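Good morning, and thank you for coming.

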2 protein chains.
Amino acid sequence: MISSDELFDAKALLQDSDIRPTRQRLGLASLLFGRKNRHVTAEVLHQEANDCGLRMALATVYNSLHSFTRAGLLREVVVDAGRRYFDTNVSHHHHLLREQTGELVDVDPGKLEVRGIPDLPRGTSVSQIDVVIRIK
Amino acid sequence: MISSDELFDAKALLQDSDIRPTRQRLGLASLLFGRKNRHVTAEVLHQEANDCGLRMALATVYNSLHSFTRAGLLREVVVDAGRRYFDTNVSHHHHLLREQTGELVDVDPGKLEVRGIPDLPRGTSVSQIDVVIRIK
DNA sequence: GTCATTGCAAATACTTTGCAAATCA
DNA sequence: TGATTTGCAAAGTATTTGCAATGAC
């Protein structure tokens, strides 16, 4: 019996994104993209990697997260001034944050709508609209 | 001729908030609350203070910003995972962020509306909804 | 085998804490 | 004067960088 996780081809994913499939990156990609809609910090991902027997420096986790983000495989989510979250869901959507646990949940943009965007300064355009619903 | 800035009574403001009006705090309060809707980082405020001849450690600026926030005179705004912004407008409103300059502008909540808030987990309630319009 | 790229130690950036010194009652 | 609070040096986190070593082609 082979689970779908094991069938996931991290190597092909990285190669398709022009990222060299090194041992460390393959490990991180498997952890990240083997299942849907993950929200991780570098530290949590580093811990997961260690728990799987993947040894690497925390800085390598950061470097890999940035590579993946540059390639469009991840998107950074700003919900905390002290921690950087990365989201494997790169399509447009919003977030719900449980303040007590730091847990982040995706919110479908089809359900949540923002109306009444103000006039922008001349020569500028909207790059992204982020909505964070903080709950306690 | 006396400008309205000079008439602003920082000492009364701090005393009304049960914050001891020390020299450093008075200086920072004057810089912050002498005009409307300021968005500052600790570093920028520290630099402004130095430029005015107010010498103090950066940590003192942080401590003061936190005191003011605890007292409800400031509100923290999360738009960047690396920097902490403080806003002198403590009423409910949203933000527009110029990505190129880091400049933050208030958006009236009467103009901008969020519809379709999803179901929340049992036993939780909304603590705040933040909308950040990022422009480039 | 080559050389662009990596992976990590060390450095940096940002923020908080612990406590000597100052301040108010 | 004594309790309280401050202001800052030093420490603590989080993240980035420079470059020796690697490993993909």
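Predicted model: local features only at pLDDT ≥ 70, side-chain atom pairs only at ≥ 80, totals over all residues.

In which sense do strand 1 of chain B and strand 3 of chain B pair, and over how many bridges? The two strands pair in the antiparallel sense, over three bridges. Residues are numbered from 1 along each chain as its sequence is written, chains are lettered from A and ligands numbered from 1 in the order in which they are written, and side-chain values use heavy atoms, with hydrogens and water left out.

Let me stay with the sheet. Strands pair here if DSSP finds at least two bridges between them; helices (H or I, at least four residues) and strands (E, at least two) are DSSP runs, numbered from the N terminus. The sheet in chain B is open, with three strands in the order 1-3-2 and antiparallel pairing. Strand 1 (39–41) and strand 2 (75–77) are its edge strands, each pairing on one side only. Direction ignored, neighbouring strands are turned by 40° against each other on average. Within strand 3, residues 85–87, B:Y85 stands opposite B:T41.

Next, a pair of helices in chain B. Two packed helices are described by the angle between their axes and the distance between the axes. Axes are lines fitted to C-alpha atoms, for helices over the stretch in contact, with angles from 0 to 180 degrees between N-to-C directions. For helix 4 (residues 42–51) and helix 5 of chain B, the axes come within 9 Å and cross at roughly 115°. Taking contact as heavy atoms within 4.5 Å, B:A42, B:E43, B:L45 and B:H46 of helix 4 meet B:L58, B:V61, B:Y62 and B:L65 of helix 5. By class, this contact has six nonpolar residues, one polar and one charged. In this scheme Ala, Val, Leu, Ile, Met, Phe, Trp, Tyr, Cys and Pro are nonpolar, Asp, Glu, Lys and Arg are charged, and the others, Gly among them, are polar.

A residue is near a strand if one of its heavy atoms lies within 4 Å of it. Around DNA strand D there are 20 residues, the closest being A:Y62, A:H66, B:Q24, B:R25 and B:T60. Of the atoms of DNA strand D that come within 4 Å of the protein, sugar and phosphate account for 78%.

What surrounds DNA strand C? There are 18 residues, and the closest are A:R25, A:T60, A:N63, B:Y62 and B:H66. Sugar and phosphate make up 74% of the atoms of DNA strand C that come within 4 Å of the protein. A polar side-chain atom of A:T60 lies 2.5 Å from a phosphate oxygen, whereas a polar side-chain atom of A:N63 lies 2.8 Å from a base nitrogen. Here the largest share of the surface, five residues, comes from helix 5 of chain B.

Note on methods:
Polar contact = N/O pair within 3.5 Å; in protein donor to acceptor, adjacent residues only side chain to side chain.
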